[in-house]
Amino acid sequence: MMMKEKISLHSPICSKNMLALQDTLHIVNGKWKLAIIFSLNESTKRFKELQRDIGKITGKMLSQELKDLEMNELVKRTVLDTKPVTVEYELTSYGNSLEQVIDQLVNWGIKHRKRIVKKEG
């Protein structure tokens, strides 16, 4: 039986992994970014559709979060030549690479909610 080698908190491997975790959290941090990605995973959406999907997010906050996600190449913004102008948002293939991560977070959240509700009940 092989034992998993314990990695020192000061080892280069641990430091590299911590940096990777911090980079990830920096990109998806906040209350709304993962919810936006989750919503766009279903389909391309317009601004108001996203706002309705997510709920309780202000237009200003949604706009800022979308800009951040676009800057990090997770979301693509397309301006359609219509009158009035229509803007659509969709996940890029890079944004889609978060699908399994988000699925795992959702599954963990479901289990956690059941566990906590059971304690309260």
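Contact here means that heavy atoms lie within 4.5 Å of each other, and the model shown in these views is a predicted one.

View 1. Leaving aside neighbours within four places in sequence, the residues in contact with K33 are I27, V28, E65, D68 and L69. One of these residues, D68, is also joined to K33 by a polar contact of 3.4 Å between the two side chains. The relative accessibility of K33 is 5%, and because buried means under 20% relative accessible area, K33 counts as buried.

**View 2. Phenylalanine F47 and the residues it touches.** F47 belongs to helix α3, which covers residues 47–54. When residues up to four places away in sequence are not counted, F47 touches G59, L62, S63, L66, V87 and Y89. The C-alpha atom of F47 is separated by 35 Å from that of R115, a residue 68 places away along the chain.

**View 3. The largest cavity and its lining.** The structure holds 1 cavity of 30 Å³ or more, and about 40 Å³ of space lies in the largest cavity. The lining of this cavity is formed by I37, F38, N41, L91, G95, N96, L98, E99, I102 and D103, which divide into 5 nonpolar, 3 polar and 2 charged residues.

Note on methods
Residues numbered from 1 in each chain as written. Predicted model: local features only at pLDDT ≥ 70, side-chain atom pairs only at ≥ 80, totals over all residues. Heavy atoms only, no water. 1 Å grid on protein atoms, 1.4 Å probe; cavity = no way out; pocket = protein on both sides within 12 Å on 5 of 7 lines; lining within 4 Å. Points joined across faces, edges and corners; volume = space filled by probe spheres on them. Nonpolar A, V, L, I, M, F, W, Y, C, P; charged D, E, K, R; others polar. Buried < 20%, exposed > 50% of the residue type's maximum accessible area, 1.4 Å probe, protein only. Polar contact = N/O pair within 3.5 Å; in protein donor to acceptor, adjacent residues only side chain to side chain. Helix = DSSP H or I, 4+ residues; strand = E, 2+ residues; numbered from the N terminus.
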